Amino acid sequence: MQKTIGILTSGGDAPGMNAAVRSVVRTALYKGMRVIGIRRGYSGLLARDMVEMNLRSVCDTLHRGGTVLYSARCPEFRDDAGVERGKEVCVEIGIDGLVVIGGDGSFRGARDLSIKGIPCIGIPGTIDNDIACSDYTIGFDTAVNTVMDMVDKLRDTSQSHDRCTIVEVMGRRCGDIALHSGIACGAVAILVPEVPFSIDAIVEKMQRTLSTGKKHFIIIVAEGVVNVNGIGSVQDIANEIQARTGVEARSTILGHVQRGGAPTARERVLASEMGHYAVELLEQGIGNRVIASKDNKIVDYDILEALNMKREFNKRLYQIADEISI
Ligand SMILES: Nc1ncnc2c1ncn2[C@@H]1O[C@H](COP(=O)(O)OP(=O)(O)O)[C@@H](O)[C@H]1O
Ligand SMILES: O=P(O)(O)OC[C@H]1O[C@](O)(COP(=O)(O)O)[C@@H](O)[C@@H]1O
Ligand SMILES: [Mg+2]
C-alpha cells in the first residue's frame, strides 16, 4: 500500500531547513510515497493548513534561507488536548509518518505525537546547536558564518577607534554560536550560559593585554547570559568595561540577521543526508527516532533517549579560545 508522509518545520527557522524539506520530498517521491507539506509547524497541523507536494514543489529552494513551509511556535501543542487533536488530523488525512524539522521543543511535540501512535522522525534544525544527541544541527554553521562576517566588519571600526566592541549573539540556553564565532573572530572573552565568568577577570585580562600593546577588543556574549544573575544588557557591560579599563566601548545586538541567509555548503549536504535518512526509516516502518550527526556519520536515536541526553559544552574549545586570545 502506498505510504503517505507529512513534513513540517517548527520553532525558529534555520538556514538549511529548505534543503532538508527538499531531500525528504524528493526521496519520498522517488520511493513512490505521497508527501503532504504542513505549513507553520504544529499550528498548521491543527488548522489542516497543508498541501500535497510534487517533484517541482521544492524547485529553487535548496539555496534559500528561511523555510518554504513557514514555521511557527504553537502553544496549544504543549497540552495533551492539542497533541490529541494533532493525532486526529494525522489519522483523518491518512498520514503514516511525520517528519519534524526543528529544535528540542519541536522534538517534544514529536515525542508526544509518537506516544499517541503517529510515527515521527525528528531532524535537528535550529541555529542554536542545542540538540544533545547531534554534534551539529542544520542552521548552526550558517549562523556562525553570518556572525563571523558581521563581527569582522565590527572589528574594522573597533580597530580604527581603539575600542572594545561587545557583541550579543543568539543562544538562550546554549553558548555554541558564541563559542564558535568567538574563536573565529578572535574574541578576548566569550560569555556563555554554560560557564561561570566574572567581569573582574575580563577587565584584568584586558589590562594585561593592553600592557603588551593590544588596543582594540571584541567580546562575544550569548543572549542567555544577559539580564540574568546581575549581568545587565550588553550596553551595561560596555559601560562597565569602559569605566574600568579606560577603553571606549560600544555594544551591538546582532539579532535575527543570524537566522537568515543562504545556507552554507556544509548545511546543504548535512540537510540532504538527514532528509534522505529520515525517509529511509519511515519506509522501513521505523518511527519515533531522531536523526543526528555523530562523529561525521548520520545516525538515529530513540526520541525519548535523545530528549533525555544532556548536552555537553565543549570546555576544551572554550579553554583554547581563552588561551589564544591573550
Ligand atoms: N514540551 C512540549 N511538548 C509538546 N510540544 C512542545 C513542547 N515544547 C515545544 N513544543 C512545540 O514545539 C514548538 C517549537 O518549540 P520551540 O522550543 O519554540 O522551538 P525549537 O523546536 O526550535 O526548539 C512549540 O511552539 C510547540 O508547538
Ligand atoms: O524568533 P524569536 O521568537 O525571536 O526567538 C528567538 C530565539 O530563537 C532562536 O533563534 C532559535 O531557537 P529555537 O531553534 O529553539 O527556536 C534562539 O537563538 C533565540 O533565542
Ligand atoms: Mg530550541
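A word on the ground rules. This is a predicted model, in which local features need pLDDT of at least 70 and side-chain atom pairs count only at pLDDT 80 or more, while totals for chains, interfaces and linings use all residues. Residues are numbered from 1 along each chain as its sequence is written, and chains are lettered from A and ligands numbered from 1 in the order in which they are written.

**Stop 1: the domains**

Colour 4-139 + 263-308 as domain 1 and 141-259 as domain 2; these bounds come from an automatic or database domain assignment. Their centres, taken over C-alpha atoms, are 34 Å apart. Where they touch, 15 residues of domain 1 meet twelve residues of domain 2 (contact means C-beta atoms, placed from the backbone, within 7 Å). The domain 1 side of that contact holds five nonpolar, five polar and five charged residues. For these classes, Ala, Val, Leu, Ile, Met, Phe, Trp, Tyr, Cys and Pro count as nonpolar, Asp, Glu, Lys and Arg as charged, and the others, Gly among them, as polar.

**Stop 2: the seven-stranded sheet**

Switch to cartoon and follow β3-β2-β1-β4-β5-β10-β11, an open sheet of seven strands with mixed pairing. Helices (H or I, at least four residues) and strands (E, at least two) are DSSP runs, numbered from the N terminus, and two strands pair if DSSP finds at least two bridges between them. From one strand to the next, the twist averages 25°. Angles here run from 0 to 180 degrees between N-to-C directions, with axes as lines fitted to C-alpha atoms, for helices over the stretch in contact.

Zoom in on β10 (residues 289-294), which pairs with β11 in the antiparallel sense over six bridges. Pick K294 there: its bridge partner in β11 is K297.

Select 17-30 for α1, which lies across β1, β2, β3, β4 and β5 and runs at about 175° to β1. Then take 104-115 for α4, lying across β4, β5 and β10 at about 165° to β4.

**Stop 3: the four-stranded sheet**

Next comes an open, parallel sheet in the order β7-β8-β6-β9. Its edge strands are β7 (189-191) and β9 (249-253); each has a single partner strand, so one side of each lacks a neighbour in the sheet. Three bridges join β7 to β8 (residues 217-222), and L191 has V221 as its bridge partner in β8. Helix α6 (residues 176-184) packs on this sheet, touching β6, β7 and β8, at about 165° to β8. Helix α8 (residues 234-245) touches β6, β8 and β9, at about 165° to β9.

**Stop 4: the ligands**

Which residues come nearest to ligand 1? Of the 17 around it, they are G11, G103, G105, S106 and G109 (a residue counts as near if its C-beta atom, placed from the backbone, lies within 6 Å). Bring back α4, which gives the most to this shell, with six residues. By class, the shell of ligand 1 has three nonpolar, nine polar and five charged residues.

Finally, centre on ligand 2. Among the residues around ligand 2 are G12, T126, D128, R172, E223 and R259, and its shell divides into two nonpolar, six polar and four charged. Keep your domain colours on here: domain 1 and domain 2 each supply at least three residues to the shell around ligand 2.

Notes
Contact = placed C-beta atoms within 7 Å.
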